[in-house]
Amino acid sequence: MTTLLQGLGSHRLARWLIGLLALAVMLGGSLPQRPRLSPDDLSAWQTEWGQGAALLEGLQLSHIFGAWWFDALCLLLMLNLLLGTLTCLRRRLAELPDYTRPLPQVLALWGSPLAHLGMLIMLGGAYLSALGGFGAHLELSEGELFSGEAQKLHVDRGHYRAGQFTAALRLDRVGIALHEGGLLQELQLELTSQENGVSPQRTTLETNAPFSLGGYSFFPNNRFGYSALCERHLVGGERRLLLVNFAVPRSEWGRPWSVENRRNLTAERGPTYYRLKLHGPETPLLELAVSRGPRALFSGRLKPGQSAEIDGETLTFIGIRPWAGLYMAADPGQPWVFAGLLLMLSGFTLHLAHRPQPARHSHDIRQGAPGDA
Amino acid sequence: MPSELLPQLLAGLGYQAVAGLLLWGRLTRAALTLLCLTLLTHLGLLTWRAWQTQQLPIVTRYEDITVDALCIALLYLLLQWRLPALRRGGALALLLAGIGTLAALAYSREAVPWSPALRSPWLLFHAQFNSLAIAMGTLAASLALLTGRREGAAIRQLLLWSFLLWGAMIGSGAAWASEAWGRYWAWDPIESWALATLLAYGWALHLRGGTADGHPGRGWYWGGLGAYALMLFTTYGLLFLRYSLHSQYLFQ
């Protein structure tokens with residue numbers, strides 16, 4: 001058992017694990033990775049690589065950072081770090097009563113085990129993030145409210161249950177300024193929020209200044225555009241607002257633009273395919289082509305206030321509004337990762353700042369050094 | 001900015017002249033004096049650029065390479081007092097600094113207005129740790145190549161500092177990403193390769209074995225050089241092959 005524990009905490013195993021992890025991370029940073037590809041990019045990659053893509057999928061090389069063998073390497077490294085650090089700490093503690101060293105050298109000797117302990121805490125925090133972290137993109141138009149509706153979120157990682165977010169957030173104004181050529185100069189989102197029945201608060205959200213609400217943090221994700229705001233008057237008399245977001249290229253922001261979008265909507269009589277083209281910003285115009293299967297239901301242009309009859313339903317184009325993207329995140333592992341990082345860097349700095357000298361044990365001092373009278 | 005051309009040429013050629021003198025092994029004092037003058041020219045160039053653009057010159061590829069070269073020369077000057085082996089052993093590093101200073105001229109020297117994401121104190125920490133790590137790694141590689149395995153203890157110290165600085169660079173980048181984007185790590189290609197580089201340095205530092213009189217073993221020597229090659233590829237080569245969030249800033 002002792003031999004096994006020594007082996008699991010050994011330098012030799014550490015070298016193997018670090019080397020293999022380095023190779024895996026290099027592959028992950030070079031090969032196409034499924035979670036990072038959009039559906040179109042994924043399809044293009046599979047077509048282009050053909051058998052190669054299938055082989056990579058089979059070997060789990062297209063999702064390295066979620067592969068079972070990557071997890072196994074990381075967990076084994078954590079075990080190696082734990083056992084190695086405990087052995088080193090035990091040795092340091094055992095030496096403590098028995099020698100006299102100047103304080104800087106004591107610090108130098110403790111630097112390395114502290115650095116490794118920091119790495120262990122970092123890895124633990126990273127696992128907490130992987131298991132419990134959450135991130136989702138959200139697009140809100142000016143005046144639109146978000147109260148935790150799951151259908152408004154495009155989940156990036158983790159899981160979300162409807163009702164998990166118990167506060168309310170409304171985007172009041174989108175403030176965008178661009179440099180010539182389309183580089184973003186300023187992005188400010190004016191928000192109103194309410195939590196736990198407290199009176200509404202107004203906030204301005206900017207990059208590098210996140211906003212916390214309902215246990216989540218919100219960040220601007222630098223995506224913005226214009227929404228076409230429409231009202232659907234359904235067959236049964238029900239009225240529903242329809243917001244269709246269009247991404248306007250930055251190079252065209254502030255100038256006349258036209259952008260396309262396609263949407264499938266569920267109607268009383270079956271799924272309906274909408275092809276939309278929005279023109280703006282000064283004189284908004286919505287070009288609409290609607291079909292169900294091979295049957296064309298409508299094709300035409302709508303100005304604000306105009307309506308279209310689509311198979312018993314009425315669609316009224318109201319106008320356009322700016323929209324902005326936010327990223328909603330929560331991560332229980334993050335504080336541990338940064339605490340571990342700080343400990344690791346501090347331990348290393350201690351180790352480097354002082355050079356350990358050979359120990360003089362206290363019994364040598366009592367008896368006198370060799371050569372003394 | 002045409003007025004940057006002459007001081008940049010002088011700085012690049014100056015570093016190479018210093019490297020030549022150090023490799024020759026004579027006129028060492030003259031070489032160090034020339035190095036000080038070249039450094040002042042280089043610093044003056046960057047200070048002037050910062051004053052002209054009203055922002056720190058640490059974002060575009062031109063600025064990035066120029067600052068990296070400056071850090072190599074600056075660290076060489078500071079460390080060669082404490083590590084005499086570095087006086088001649090760091091000559092290759094100065095040669096690289098000279099080549100880098102001249103190579104930076106191949107990139108656009110136009111200043112790029114900073115987007116909101118760049119307006120963070122973390123940018124300064126992240127960029128400077130990156131430059132210092134590259135400088136330290138270059139000095140370690142130069143010492144290893146020019147002195148063989150004779151200066152094992154000095155090389156190991158430099159490798160440890162490279163590991164620490166590169167780790168600090170990754171950590172400050174992660175802190176910045178968590179503040180700007182809501183996620184400290186996203187397995188972006190440049191993040192992955194930066195981590196691989198850190199692991200490679202860690203692997204090299206865990207190698208043991210050597211000769212009875214303390215010279216490092218072959219594995220340790222080549223491991224350190226391999227980690228440095230990864231560092232160079234991550235910083236200068238990767239963005240030619242893979243898209244990353246860094247691409248939008250460094251190829252302006």
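**Close-up 1. A salt bridge between A:Asp172 and A:Arg170 in the predicted model.** In this model, which is predicted rather than determined by experiment, A:Asp172 forms a salt bridge with A:Arg170, and the closest N and O atoms of the two are 2.7 Å apart. A:Arg170 is partly exposed, with a relative accessible area of 34%. Over all chains, the structure holds 20 salt bridges, and two further examples are shown in the views that follow.

**Close-up 2. The salt bridge of B:Arg49 and B:Glu63 in chain B****.** The closest N and O atoms of B:Arg49 and B:Glu63 are 2.9 Å apart in this salt bridge. B:Arg49 lies in helix 2 (residues 28-53) of chain B and B:Glu63 in helix 3 (residues 61-79) of chain B, so the contact ties together parts that are 14 residues apart in sequence. B:Arg49 counts as buried, at 1% relative accessibility, and B:Glu63 likewise counts as buried, at 3%. Both residues belong to a network of salt bridges in which B:Glu4, B:Arg49, B:Glu63 and B:Arg109 are linked.

Close-up 3. The side chains of A:Asp331 and A:Arg157 meet in a salt bridge with an N to O distance of 3.4 Å. A:Asp331 counts as buried at 16% relative accessibility, as does A:Arg157 at 14%.

**Close-up 4. A stacked aromatic pair that crosses between chains A and B****.** A search of the whole structure finds 20 aromatic pairs over all chains. In one of them, A:Phe65 and B:Trp187 are stacked, at 3.7 Å centre to centre and with 5° between the planes. A:Phe65 comes from the loop between helix 4 (51-58) and helix 5 (68-95) of chain A, and B:Trp187 from the loop between helix 7 (152-180) and helix 8 (189-205) of chain B. A:Phe65 is buried, with a relative accessible area of 16%, while B:Trp187 is partly exposed, with a value of 23%.

**Close-up 5. The stacked pair of A:Phe146 and A:Phe165****.** These two rings lie 5.3 Å apart, centre to centre, with 20° between the planes of A:Phe146 and A:Phe165. Because A:Phe146 lies in strand 3 (residues 145-146) of chain A and A:Phe165 in the loop between strand 4 (153-157) and strand 5 (168-178) of chain A, the pair ties together parts that are 19 residues apart in sequence. A:Phe146 is buried, with a relative accessible area of 0%, and A:Phe165 is buried as well, with 1%. Ring pairs link both residues into a cluster, whose members include A:Phe134, A:Tyr160 and A:Phe211.

Terms used. Residues are numbered from 1 along each chain as its sequence is written. Chains are lettered from A and ligands numbered from 1 in the order in which they are written. This is a predicted model: local features need pLDDT of at least 70, side-chain atom pairs count only at pLDDT 80 or more; totals for chains, interfaces and linings use all residues. Side-chain values use heavy atoms; hydrogens and water are left out. Rings of Phe, Tyr and Trp (its six-membered ring) pair if their centres lie within 6.5 Å; planes under 30 degrees apart count as stacked, over 60 as edge-to-face and the rest as tilted. Helices (H or I, at least four residues) and strands (E, at least two) are DSSP runs, numbered from the N terminus. Buried means under 20% relative accessible area, exposed over 50%, partly exposed in between (1.4 Å probe, protein chains only). A salt bridge is a side-chain nitrogen of Lys or Arg within 4 Å of a carboxyl oxygen of Asp or Glu.
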